[in-house]
Amino acid sequence: MWVFTKRHLTAMAACCIMLFASLFLPNVADTASMRFGWPTPSVPVASAAVSSEEARTVAEAWKVLGKAYVDQTFNGVDWQATRQKFVSKGNYKNMDEAYQGIRDMCKLLGDKYTRFLTPAQYSSITQLYQASGVEFGGIGVEMTMDTSNTIIVASTYPGSPAERAGLKKGDAIKAVSGVQVGGKIGGTADEAASLLRGTVGTEVAVTVTGFGGMNRDVTVAREVINMRPVTASVVDVAGETAEENMRVGILRIPVFSKDTSAQVLELIDSVRIEKGAQAILLDLRGNVGGSFPTAVDLAKELLPQDQTIVYAVDRNGERSEYRTEGQGSEQAIPIAVLVDKSTASAAEVLTAALQENGRAKVIGEQTFGKGLVQTIAPLQGGAALVITVSTYETPHNHNINKVGIAPDVENDRCVKAQSDKDLAAALSPTFFQQSSVNVL
């Protein structure tokens with residue numbers, strides 16, 4: 001799921017999108033080059049034979065894709081012939097036509113996560129991945145993208161313009177300001193986010209389809225939306241006997257931004273020391289990813305030393321292993337992870353690392369399955385490309401792309417729980433018992 005308020009998903013490695021629904025992750029801390037845990041390719045502008053500014057922009061995009069895209073077969077497309085079609089023979093009358101040429105070139109790769117961003121979209125994404133505290137005009141909605149590329153409302157912020165306008169979890173967003181989004185020919189969720197954002201006080205028209213299948217148009221006023229941080233609460237979970245009762249700290253992690261790891265560690269201390277929590281539930285429902293490096297950093301704090309967190313596999317098949325270096329500061333407290341079908345990308349990296357190292361049980365339902373890593377490569381003129389540059393594998397070398405992570409305990413009540421009371425009733429102290437051996 002992509003978060004389309006200021007939280008918007010940091011990692012495309014996101015989608016790292018699912019849109020960054022799509023997001024990912026997508027390392028956002030480096031906002032100058034927008035590197036998401038992978039080096040942004042350094043590519044010369046175009047050859048001297050390319051004369052117009054429009055053609056030079058298309059040529060630069062072609063070169064960046066050629067050097068960085070994970071699939072060296074380019075989905076079976078002759079990449080040199082592609083240059084002839086889109087650069088040498090491209091007769092672009094203006095920059096909008098050049099941008100459309102780049103979009104068409106990206107579509108040849110058959111990868112919905114590799115896509116073009118206009119200068120306005122790139123600027124919006126840059127802001128979305130900034131640190132906490134940034135304010136902007138939005139409607140207070142979080143979105144995800146399903147397997148049919150439909151953009152779905154994952155949640156609305158309490159009291160937000162979206163909630164007041166009647167947008168509900170599960171609504172499908174079909175158009176924003178008359179522009180189709182999602183589906184076979186519409187834009188991605190981050191493009192929808194850029195359309196939803198705007199000047200505070202202005203209005204935006206949103207076309208949604210509810211559970212009844214009927215389209216409805218709503219007009220929503222943009223307001224300042226502050227990023228929702230990690231939140232914590234404590235519940236009492238009943239065991240089979242009074243001695244087995246357990247106080248559990250629930251940490252809801254909506255997305256991985258650059259501050260997430262520090263927030264989680266601070267809140268673990270808070271619920272344990274101040275409220276007597278004996279175990280921690282990481283609630284990753286609806287978390288579509290965000291910052292890949294942040295997910296890795298948090299895994300380091302929750303795992304013992306010398307554990308594999310994740311492997312990244314580049315276009316040449318070379319594997320980079322991310323490992324813990326020392327004992328994690330919170331590697332002892334019992335942990336469980338709650339996931340749903342929208343849990344994706346960087347959130348799946350953390351989930352798999354905890355599960356396959358025997359550190360935590362995974363509760364809920366099968367996750368989304370996004371095992372791709374993207375980087376954002378700026379282009380001349382302020383535009384950019386989001387490019388899939390690698391795949392990732394879990395500690396036990398599983399490629400979860402389009403597959404997802406199977407929970408250790410399937411529990412529909414936990415997935416659907418809306419309140420602390422409902423979640424406490426659905427949990428069991430047995431969920432927090434660590435495995436004695438890793439499960440392959």
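Where does Gly381 lie? Gly381 is in the loop between strand 18 (372-378) and strand 19, where helices (H or I, at least four residues) and strands (E, at least two) are DSSP runs numbered from the N terminus. The model is a predicted one, in which local features need pLDDT of at least 70 and side-chain atom pairs count only at pLDDT 80 or more, while totals for chains, interfaces and linings use all residues. Residues are numbered from 1 along each chain as its sequence is written, and side-chain values use heavy atoms, with hydrogens and water left out.

With a relative accessibility of 62%, Gly381 counts as exposed; the cut-offs for relative accessible area are under 20% for buried, over 50% for exposed and in between for partly exposed (1.4 Å probe, protein chains only). A separation of 8.0 Å lies between the C-alpha atoms of Gly381 and Thr57, which are 324 residues apart along the chain.

The protein as a whole has 11 helices and 20 strands. It consists of 440 residues, of which 58% count as buried. Its accessible surface comes to about 17,400 Å², and 48% of this belongs to carbon and sulfur atoms. Accessible areas come from the Shrake-Rupley method with a 1.4 Å probe, and for residues only the protein chains shown count as cover.

A nonpolar core is a set of buried Ala, Val, Leu, Ile, Met, Phe, Trp, Tyr and Cys residues joined through side-chain atoms within 4.5 Å. The largest such core has 68 residues, and Phe256, Leu282, Leu350, Leu385 and Ile387 have the most contacts inside it. Contact means heavy atoms within 4.5 Å. Residues up to four places away in sequence aside, Ile387 touches Val64, Leu65, Ala68, Tyr69, Thr114, Val373, Gln374, Thr375 and Ala377. A second, separate core has 20 residues, including Met143, Val181, Leu196 and Val204.

Ala61 is placed in helix 1 (residues 53-68) and counts as buried at 0% relative accessibility. Not counting residues up to four places away in sequence, Ala61 touches Ile102, Met105, Leu379 and Leu385. From Ala61 to Leu379 the C-alpha distance is 7.1 Å, although the two are 318 residues apart in sequence.

Gly249, in strand 12 (residues 246-252), is also a buried residue, with a relative accessible area of 0%. Beyond residues up to four places away in sequence, Gly249 touches Ser233, Val234, Val271, Ala277, Ala279, Ile280 and Leu281. Gly249 and Val235 are 14 residues apart in sequence, and their C-alpha atoms are 6.6 Å apart in space.

The axes of helix 7 (residues 260-273) and helix 8 (residues 292-302) come within 8 Å and cross at roughly 30 degrees. Axes are lines fitted to C-alpha atoms, for helices over the stretch in contact, and angles run from 0 to 180 degrees between N-to-C directions. Helix 7 and helix 8 are therefore roughly parallel to each other; angles under 35 degrees count as roughly parallel, over 145 as roughly antiparallel, 65 to 115 as roughly perpendicular and the rest as oblique. Helix 7 contributes Thr260, Ser261, Val264, Leu265 and Ile268 to the contact, and helix 8 contributes Thr294, Asp297, Leu298, Glu301 and Leu302. These residues divide into 5 nonpolar, 3 polar and 2 charged, where Ala, Val, Leu, Ile, Met, Phe, Trp, Tyr, Cys and Pro count as nonpolar, Asp, Glu, Lys and Arg as charged, and the others, Gly among them, as polar. Thr294, with 6% relative accessibility, counts as buried. Apart from neighbours within four places in sequence, Thr294 is in contact with Phe256, Ser257, Lys258, Thr260 and Ser261.

Helix 9 is mostly covered, with 11 of its 11 residues buried. The cover over these buried residues includes strand 13 (279-283), helix 8, strand 14 (308-314), strand 16, strand 17 (360-364) and strand 19 (384-393). Gly358, which follows helix 9, has a positive phi near 70 degrees.

Ser345 is found in the loop between strand 16 (335-339) and helix 9 (346-356). Its phi is positive, about 55 degrees, although Ser345 is not a glycine. Ser345 is buried, with a relative accessible area of 0%. Ser177, likewise not a glycine, has a positive phi of about 55 degrees. The loop that holds Ser177 runs between strand 6 (172-176) and strand 7 (179-180). Ser177 is partly exposed, with a relative accessible area of 43%.
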